[in-house]
Amino acid sequence: MASVADPDLTTLRSLLSDNEIISPESPDYIESSKTWASQKQYRPRLVVRPTSIESLSKTIAHLYSTKLDFAIYGHGFMSASAKDVVVNISCFDEFHLNKSSTSATVGAGQTWEQVYQKLEEQAPEYGIVGARTPSVGVGGTILNGGWSWLSGEFGCISDPINFLDAQVVKYDGSVVWASSEPDLMWALRGGGGGFGVLVNAVLRVFPYPRDIWTGSILVPSEHLEQVAEGVSNFASHESDPKVTMFLYVLKEKVLKSIAPEATSDMMVIHAFDANGEAHGRESFKWALDIPGAIDQTKMSTLAGVAELQKSVSNVKGTMAQYWAPFVLQDIPKEIVMKSVKWMQGLNDIDEAIADSTYLIFEVFCTRDPPGPISEVAWPRPPRSKHILLFGPGCPAAEAQDKAAIARKLAIEVPTAVLGSDQEVHILPNGAEEYHDSKKIWGPHFEKLQTVRRRYDPQCRFRAPVECEN
């Protein structure tokens with residue numbers, strides 16, 4: 001690590017205005033550098049938050065010329081951190097709607113909640129393929145593929161049909177529109193990052209229904225077999241691209257905050273049907289009819305649907321977390337049963353780990369790219385439609401004693417659920433150091449290495465795909 005009186009830090013400060021510099025003593029320091037996974041927080045010596053592209057360009061060019069350890073930070077859900085400098089890009093929150101080209105230029109430093117709200121204000125009749133979790137950042141989502149409530153219908157956020165162009169600050173401080181450099185544009189479509197700093201994204205917008213039936217259907221865990229059969233049948237037979245769902249499990253003490261009438265651990269079916277209430281109630285009749293089901297559904301818009309997931313941000317930084325998200329072509333009943341029973345079995349290992357672990361089935365949340373697979377950096381497995389996410393964790397305060405257990409669980413759970421004979425396809429946004437990035441990006445891995453070397457010649461940017469040797 002550089003010394004306290006590092007001249008490189010002094011020079012960096014001189015390039016920025018006072019309101020762009022956040023020191024560890026600042027009241028904004030924690031929120032400006034907080035990571036989702038507590039074990040990845042390196043407590044940087046300085047956080048900088050450039051307010052213009054010119055300022056960001058000077059910052060990146062300078063940092064790249066030094067030995068300072070730095071990272072690019074959107075809103076912390078990818079847990080980017082560094083020992084010396086974190087570059088927070090949250091000031092890049094532009095939103096310019098162009099109805100004539102059915103597109104919007106969106107600042108990559110804002111959250112999807114901001115995007116949904118601005119679209120709602122300017123063109124409420126329009127939709128956008130954006131993240132389901134409103135508090136995650138635009139830039140990080142795109143660089144890792146991006147999954148949406150609308151992905152079963154329109155594909156990933158980063159697919160060419162949705163992600164039209166990007167403004168990028170390169171390692172030397174120069175600024176380009178990626179469409180003028182095809183390999184750069186390609187790499188941004190799910191390549192995991194490491195190609196510069198994504199500042200603005202041009203995204204497609206389109207007319208979309210405002211009468212969306214959505215919300216939670218809570219089912220007692222004792223009806224696991226009925227839920228497993230219902231989810232499997234839904235995943236196998238539902239053919240309307242405007243219908244999708246989540247399934248996740250909540251512990252009773254967490255559940256009380258959203259369903260005071262709950263008396264036990266429950267499974268939560270989060271329904272989404274853009275065809276309206278009548279269609280939605282028919283599509284999810286199998287869930288609504290389960291004994292003891294609590295119906296919390298309502299009519300809403302895309303912005304309102306996202307709002308239902310807003311509380312996720314409250315958990316950021318409170319746990320050491322290890323990811324194991326992967327895609328599935330089908331969801332057999334046995335996989336649902338095994339997954340939930342695995343989750344329930346964590347109580348026998350450690351109660352704190354059980355309370356801090358996530359299990360989410362995301363049904364019809366992805367699809368094959370609308371065009372050739374060669375057009376996107378992440379060559380997702382053919383005919384993949386669903387995501388199964390495991391997130392073993394433990395409270396941040398207990399990470400020293402229990403993080404190793406949670407990490408081991410994350411490594412082992414895909415085999416425990418799928419069996420040793422099944423190939424596991426990890427998602428880019430869940431890439432951890434214990435995952436093989438060659439398997440994640442498959443036939444595109446070597447090209448990504450080559451492109452990274454061109455746009456990051458010293459391999460200074462943090463990224464899951466290493467530069468070409």
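Biologist: How much of the chain over residues 40-208 is helix, and how far apart are the end C-alpha atoms?
Modeller: Keep in mind this is a predicted model. UniProt, in an unreviewed entry, puts "domain: FAD-binding PCMH-type" at residues 40-208. Over that stretch strand makes up 26%. Helix comes to 24%, and the end C-alpha atoms are 39 Å apart.

Biologist: Next, strand β11: how many of its residues are buried?
Modeller: β11 covers residues 212-220 and is mostly covered. Buried here means under 20% relative accessible area. By that cut-off, the count for β11 is 9 of 9.

Biologist: On to the second largest pocket: which element gives the most to its lining?
Modeller: That pocket has a volume of about 320 Å³ and 15 lining residues. Two or more of those residues come from each of α15 (399-418) and α16 (437-441). The top contributor, with 4 residues, is α15.

Biologist: What's the lining of that second largest pocket like by class, and which residues lie nearest its centre?
Modeller: Sorted by class, the lining has 7 nonpolar, 5 polar and 3 charged residues. Nearest the centre of the pocket you'll find Pro-414, Val-424, Ile-426, His-435 and Lys-439.

Methods:
Residues are numbered from 1 along each chain as its sequence is written. This is a predicted model: local features need pLDDT of at least 70, side-chain atom pairs count only at pLDDT 80 or more; totals for chains, interfaces and linings use all residues. Side-chain values use heavy atoms; hydrogens and water are left out. On a 1 Å grid over the protein atoms alone, a cavity is a set of points where a 1.4 Å probe fits but cannot get out, and a pocket is an open set with protein on both sides within 12 Å along at least five of seven lines; lining residues have an atom within 4 Å of a point. Grid points are joined across faces, edges and corners, and a volume is the space filled by probe spheres set on the points. Ala, Val, Leu, Ile, Met, Phe, Trp, Tyr, Cys and Pro count as nonpolar, Asp, Glu, Lys and Arg as charged, and the others, Gly among them, as polar. UniProt positions are given in the numbering used here, feature names are shortened, and annotations may be inferred rather than shown by experiment. Buried means under 20% relative accessible area, exposed over 50%, partly exposed in between (1.4 Å probe, protein chains only).
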